[in-house]
Amino acid sequence: MKLKTIRITPIAFKDAPLLNAAGIHEPYALRTIIELESDSGHIGLGETYGDAPVLDLLEVLAPDLVGLDPFDLNGLRRRAQDVVARTQTSAGAAFTLAPGTDPAKNLQKLYAAFEVAFLDMQARYLGMPLVDLLGGRVRDAVPFSAYLFFKYARHIDARYPDDAWGETLTPDQLVAQAETMIKRHGFKSIKLKAGVLSPDQEVACIRALASRFPGVPLRIDPNGNWSLSTAIVMGGQLDGLLEYYEDPCPTLTDMAALHQATGMPLATNMVVTDLNQFRVNTGSQGCQIILSDHHYWGGLRDTQLLARMCETFGLGLSMHSNSHLGISLMAMAHVAASVPLLSYACDTHYPWLDPQEEVIAGGQLRFEDGAIVLGAAAGLGVDIDQDALARLHQQYLDCGIRSRNDTAQMRKYQPDWTGKAPRF
Ligand code: GKR
Ligand code: MG
């Protein structure tokens with residue numbers, strides 16, 4: 001089997017005005033959809049970042065892959081390495097909360113984007129679900145957590161109607177958001193994206209969630225927006241309420257000091273994002289739980305490698321997410337189903353997706369009791385709705401956004417906004 005055609009399509013989908021440490025989400029989030037077809041008529045699908053630096057790399061690599069055997073992952077890696085070595089991307093300054101804009105991860109992102117599509121094609125060719133190609137399922141149902149955000153009711157500059165979630169800036173509004181999300185999808189654990197309001201207000205929100213949802217595992221993620229001293233004080237107030245404390249401080253050194261001071265389990269998707277940082281972390285014992293993300297950890301097989309490394313070094317494993325559509329959700333679910341260690345529900349932004357903005361045939365995927373249940377369909381188990389793809393591509397052409405920048409977007413609301421962390 002040889003690769004015959006490769007189609008790279010940047011898309012933009014409507015996104016809610018979600019607040020985070022860096023600023024606020026723009027009205028459109030970007031993704032790239034990858035479609036492969038082989039000379040035998042098999043297809044392979046992938047989804048990754050849509051930021052300009054990644055898109056540039058994907059477009060340069062694509063022609064080099066025509067004629068390659070989709071089972072030749074070493075061939076893919078060599079070609080990806082060549083492209084990264086010889087290409088100047090259009091990267092500006094990296095925006096820390098969006099791994100799609102970080103040039104240091106170019107090789108992992110580029111390889112991962114195609115690796116998923118290659119593996120999808122392999123599995124479709126063999127007539128098996130992707131999880132089985134990855135070594136077999138250790139679970140059929142992959143649990144995800146309710147991912148809560150503080151948010152404004154509307155974008156400052158969107159030309160489309162407000163989302164149905166309304167404003168979330170108080171404990172009562174946050175509890176209402178959690179109730180809706182859990183009722184809709186059945187999630188059994190809750191994550192709060194923090195680093196937005198004052199730490200005291202955010203701790204009050206966790207308390208409100210704990211009293212409304214007794215026994216439900218809770219996490220808070222201030223995205224490095226709390227200084228070490230703030231994180232220690234807030235840790236004292238949060239101790240006993242959290243299953244883990246995610247990225248309160250911006251550096252590994254601070255995370256290590258925080259763990260030493262509080263003994264709390266710390267999770268990260270910010271200070272351990274590759275194997276070199278993993279090595280440093282094992283020396284400093286800064287973070288006890290690593291949040292994997294195949295989009296920048298180098299694909300599905302390297303995510304399995306990360307899981308083995310976590311097992312070897314006695315660390316826990318969970319999963320990070322950025323704004324994404326159903327192809328990514330299924331890739332996350334297939335790899336999560338193949339990893340024995342995964343001991344926590346995965347993150348996903350998927351509940352924030354407007355159902356009209358999905359690119360896969362049949363529309364938005366459903367969570368059953370908070371989980372994605374893997375079936376018997378070959379590969380990732382999803383197909384593209386070509387009309388939706390064309391519409392979302394047109395939206396990309398029209399929206400004018402080419403790299404995610406929540407800090408610049410926040411300046412439209414607050415002109416003196418710096419997004420500099422830690423703010424508290
Ligand atoms: O989408 O606002 C967001 C998140 O803050 C995202 O950018 C982070 O990468 O979800 C992420 C996280 O867990 O840090
Ligand atoms: Mg995080």
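**T348 and the magnesium site**

Leaving aside neighbours within four places in sequence, T348 is in contact with F144, Y147, S321, H324, L329 and F367. The model is predicted, and everything below should be read as coming from it. As for where T348 sits, its place is in the loop that runs between α12 (326–338) and β14 (371–373).

The T348 side chain has a couple of polar partners worth a look. One of them is H324, also on the contact list: the two side chains make a polar contact at 2.7 Å. The T348 side chain also reaches along the backbone, getting to the nitrogen of Y350 at 2.9 Å.

Now for the metal. Three residues coordinate the magnesium ion (ligand 2), namely D221 through OD, E246 through OE and N269 through OD1, with distances of 2.0 to 2.2 Å. Read along the sequence, the spacing of these donor residues is D-x24-E-x22-N. E246 lies in strand β10 (residues 244–246), while N269 lies in the loop between β11 (266–268) and α9 (275–284), so this pair ties together parts that are 23 residues apart in sequence.

Methods: Residues are numbered from 1 along each chain as its sequence is written. Chains are lettered from A and ligands numbered from 1 in the order in which they are written. This is a predicted model: local features need pLDDT of at least 70, side-chain atom pairs count only at pLDDT 80 or more; totals for chains, interfaces and linings use all residues. Side-chain values use heavy atoms; hydrogens and water are left out. Helices (H or I, at least four residues) and strands (E, at least two) are DSSP runs, numbered from the N terminus. A polar contact is a pair of N or O atoms within 3.5 Å; within protein, one must be able to donate a hydrogen and the other to accept it, and residues adjacent in sequence count only if both atoms are side-chain atoms. Contact means heavy atoms within 4.5 Å. Donors are N, O and S atoms within 2.8 Å of the metal (3.2 Å for Na, K and Ca); water is not among the atoms, so sites may look incomplete.
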